Amino acid sequence: MSSSPAPSGTGPITDAAPLSLCAREPHVPADRLVAEMVPPPRFDSVRFSTYIPDPNQPSQTEAVRVLEGFAAGLGHGAGGSGKRRLFGFGRAPKKAPAGPRGVYLDGGYGVGKTHLLASLWHATPAEPALKAFGTFVELTNLVGALGFQQTVQTLSGHRLLCIDEFELDDPGDTVLVSTLLGKLVDAGVALAATSNTLPGKLGEGRFAAADFLREIQGLSAHFRALRIDGEDYRHRGLPEAPPPYADEQVTKAAHATEGASLDAFSPLLEHLARVHPSRYGALTDGVKAVCLTGVRPVPDQSTALRLVVLADRLYDREVPVLASGVPFDQLFSEEMLNGGYRKKYFRAISRLTALARDAGKLADAR
């Protein structure tokens with residue numbers, strides 16, 4: 001065995017077994033879902049000043065300018081009482097002015113949309129209890145946990161609602177979100193969202209969007225769209241993602257890394273089907289690295305979409321992923337990558353690739 005020092009956070013293999021995501025059955029109370037509607041740890045310290053626009057993409061500089069002005073204009077917005085209106089207390093907010101009450105950041109993967117959205121949240125002059133930040137999935141999960149009316153009461157006292165990764169996957173979501181955002185805008189809540197799809201194109205390729213055109217157009221009317229062009233910064237000037245490791249290397253790294261989890265890929269996919277996606281963040285609580293053996297292409301679309309949510313939560317928390325099996329760019333079939341959810345899958349590949357690159361040092365554990 002080598003006598004060279006182990007990488008930071010790792011040590012010799014011991015008898016202590018790694019964690020297992022498959023052994024976890026997290027239960028998340030509704031008040032935690034509300035309290036956690038803040039930018040994820042990866043974006044705790046981001047600000048407009050830390051966003052580095054690509055000099056070849058003027059739309060990035062323009063987006064910063066517009067968003068800084070948008071944040072400054074929210075200094076005297078809605079907000080009701082100074083407390084979160086989880087139980088509907090507080091004065092009714094004033095009606096919002098006519099016209100778009102939000103901004104919508106449209107662009108490809110890795111151009112910094114979430115960085116800008118989190119910067120807007122931080123820059124808005126209101127206490128954290130009057131600002132909410134979550135992914136589209138987390139927002140719909142909140143409605144599921146609280147009920148529609150309670151969600152409206154909870155969020156209508158806010159000054160700003162930021163929605164990351166805005167996508168409509170089915171007609172039910174279209175009607176639900178259209179109605180919810182309409183009520184929040186009427187209550188004076190400002191909106192900001194990111195997506196890879198323009199508001200008027202939401203749902204395209206996933207269901208009969210034309211049948212829900214009124215709802216989709218209603219959503220679009222709430223936002224001023226800002227196009228952000230550019231290449232994926234995660235690949236800009238960086239080396240290619242490392243190839244998968246051998247099972248033995250992954251297992252050894254899991255045992256040598258404090259706080260690492262170790263799971264076989266197929267059983268983990270089965271476990272994800274038994275855990276509601278709103279709990280995937282809690283599933284990774286305290287996990288410092290995820291080690292997976294036997295990664296293979298996902299077998300169906302439902303499984304693939306669950307894996308996308310897990311990839312998002314791991315990326316938010318900056319949890320490196322060390323894996324054996326097929327490379328992450330082979331997770332999804334050609335049919336999936338050419339279908340209606342292709343943008344979700346490409347985002348997951350991009351994020352998992354970044355996390356795999358972060359995990360390279362774990363493979364050197366001794």
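Me: How many disulfides does the structure hold?

Reply: A disulfide is a pair of cysteine sulfur atoms within 2.5 Å. The structure holds 0 disulfides. C22 counts as partly exposed because its relative accessibility is 23%. C162 counts as buried because its relative accessibility is 1%.

Me: On what basis do such values rest?

Reply: This is a predicted model, in which local features need pLDDT of at least 70 and side-chain atom pairs count only at pLDDT 80 or more, while totals for chains, interfaces and linings use all residues. Residues are numbered from 1 along each chain as its sequence is written, and side-chain values use heavy atoms, with hydrogens and water left out.

Me: How many helices and strands does the chain have?

Reply: Helices (H or I, at least four residues) and strands (E, at least two) are DSSP runs, numbered from the N terminus. The chain has 13 helices and 8 strands. Of its 366 residues, 51% are buried. The chain exposes about 16000 Å², and carbon and sulfur atoms supply 54% of that area; accessible areas come from the Shrake-Rupley method with a 1.4 Å probe, and for residues only the protein chains shown count as cover.

Me: What share of the contacts joins residues at least 24 apart?

Reply: Contact means heavy atoms within 4.5 Å. Among contacts between residues at least 6 apart in sequence, 88% join residues at least 24 apart.

Me: In what order do the 5 strands of the open sheet stand?

Reply: Two strands pair if DSSP finds at least two bridges between them. The order of these 5 strands is β2-β3-β4-β1-β5, and the pairing is parallel. The edge strands are β2 (131-135) and β5 (223-228), each of which pairs on one side only. From one strand to the next, the twist averages 15°; axes are lines fitted to C-alpha atoms, for helices over the stretch in contact, and angles run from 0 to 180 degrees between N-to-C directions.

Me: Which residues of β2 lie on each side?

Reply: In a regular strand the side chains alternate between the two faces of the sheet. In β2, K131, F133 and T135 lie on one side and A132 and G134 on the other, and all are buried. Thus 5 of the 5 residues of β2 are buried. Parallel to β2 runs β3, joined to it by 5 bridges, and the bridge partner of T135 in β3 is D164. Helix α4 (residues 136-146) lies across β2 and β3, running at about 110° to β2.

Me: How many bridges pair β3 with β4?

Reply: Strand β3 (residues 160-164) and strand β4 (residues 190-195) pair in the parallel sense over 4 bridges. I163 has A193 in β4 as its bridge partner.

Me: Which residues of helix α9 are buried?

Reply: In α9 (residues 265-272), the buried residues are F265, L268, L269, H271 and L272. They lie on the same side of α9 because they cover an arc of only 160° around the axis, the arc being that of the directions from the helix axis to the C-beta atoms. These buried residues pack against β6 (260-264), α10 (280-283), β7 (289-295) and α11 (301-316).

Me: What is the phi of E165, and what is that of E318?

Reply: Most residues other than glycine have a negative phi. Phi of E165 is near 55°, a positive value, and phi of E318 is likewise near 55°. E165 lies in the loop between β3 and α6 (171-186), and E165 is buried because its relative accessible area is 10%. E318 belongs to the loop between α11 and β8, and E318 is partly exposed, with a relative accessible area of 43%.

How values were computed:
Buried < 20%, exposed > 50% of the residue type's maximum accessible area, 1.4 Å probe, protein only.
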